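Please read it alongside the sequence and coordinates.

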Amino acid sequence: MVKQIEHLGIAVESIDATVKTFEALLGTECYKEEMVESEGVRTAFLMVGTSKIELLEATNENSAIAKYLQKNRGGFHHVAFEVDDIEAELKRLEGEGFQLIHQTPKGGADNKRIAFLHPKSTHGLLVELCQERTD
Ligand code: CO
């Protein structure tokens with residue numbers, strides 16, 4: 001079951017150069033910064049009510065964020081939906097005909113297990129599923 005929008009991912013050239021803008025916009029301070037080496041990203045999170053904004057900066061040129069920024073200006077990158085059972089949702093969505101980027105969940109930032117759907121099957125929207133890690 002999809003529970004809520006957990007966060008919106010925003011691609012930026014530099015977290016250091018942009019985090020103050022988002023802090024001023026939202027009137028709140030970034031509460032966490034975290035590297036995700038497996039994805040080649042540095043992340044920073046700000047709360048918006050019960051949802052979050054995730055800023056994403058590439059840490060190497062093979063990062064999906066580096067490739068995204070070669071084709072696009074920075075800005076909206078992905079929506080992350082919180083789910084109660086990520087394996088069950090991946091199975092359900094595959095059954096519905098969605099194309100999965102990750103067949104099984106992997107470790108993500110902010111204590112999450114995550115998996116992405118291919119934007120080909122969502123009319124161009126990059127969708128992340130995430131579930132709080134409990135181990
Ligand atoms: Co995300």
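**Helix α2**

Ser 63 caps the N-terminal end of α2, with a side-chain oxygen 3.0 Å from the backbone nitrogen of Ile 65. The model is predicted: local features need pLDDT of at least 70, side-chain atom pairs count only at pLDDT 80 or more, and totals for chains, interfaces and linings use all residues. Residues are numbered from 1 along each chain as its sequence is written, and side-chain values use heavy atoms, with hydrogens and water left out. Helices (H or I, at least four residues) and strands (E, at least two) are DSSP runs, numbered from the N terminus.

- Helix α2 spans residues 64-71, and Ile 65, Ala 66 and Leu 69 in it are buried (under 20% relative accessible area; exposed is over 50%, partly exposed in between; 1.4 Å probe, protein chains only).
- Viewed down the axis of α2, these buried residues fall within an arc of 100°, so they line one face of the helix; the arc is that of the directions from the helix axis to the C-beta atoms.
- Gln 70 and Lys 71 are exposed on the face of α2 turned away from its buried side.
- The cover over the buried residues of α2 includes β1 (2-11), β3 (41-48), β4 (51-58) and β5 (75-83), where contact means heavy atoms within 4.5 Å.

**Helix α1**

- In α1, the buried residues are Ile 15, Thr 18, Val 19, Phe 22 and Glu 23.
- Seen down the axis, the buried residues of α1 fall within an arc of 150°, so they line one face.
- Ala 17, Lys 20, Thr 21 and Ala 24 are exposed on the other side of α1.
- Strands β1, β2, β3 and β4 are among what covers the buried residues of α1.
- At the start of α1, a side-chain oxygen of Ser 14 comes to within 3.3 Å of the backbone nitrogen of Asp 16 (a polar contact is a pair of N or O atoms within 3.5 Å; within protein, one must be able to donate a hydrogen and the other to accept it, and residues adjacent in sequence count only if both atoms are side-chain atoms).
- Gly 27 follows α1 and has a positive phi, near 65°.

**Aromatic pair**

- The structure holds one aromatic pair (ring centres within 6.5 Å for Phe, Tyr and the six-membered ring of Trp; planes under 30 degrees apart are stacked, over 60 edge-to-face, the rest tilted).
- Tyr 31 and Phe 45 form this tilted pair, 6.2 Å centre to centre with 40° between the planes.
- Tyr 31 is partly exposed at 35% relative accessibility, whereas Phe 45 is buried at 1%.

**Cysteines**

- There are zero disulfides (cysteine sulfur atoms within 2.5 Å).
- The sulfur of Cys 130 is 17 Å from the closest cysteine sulfur, in Cys 30, too far for a bond.
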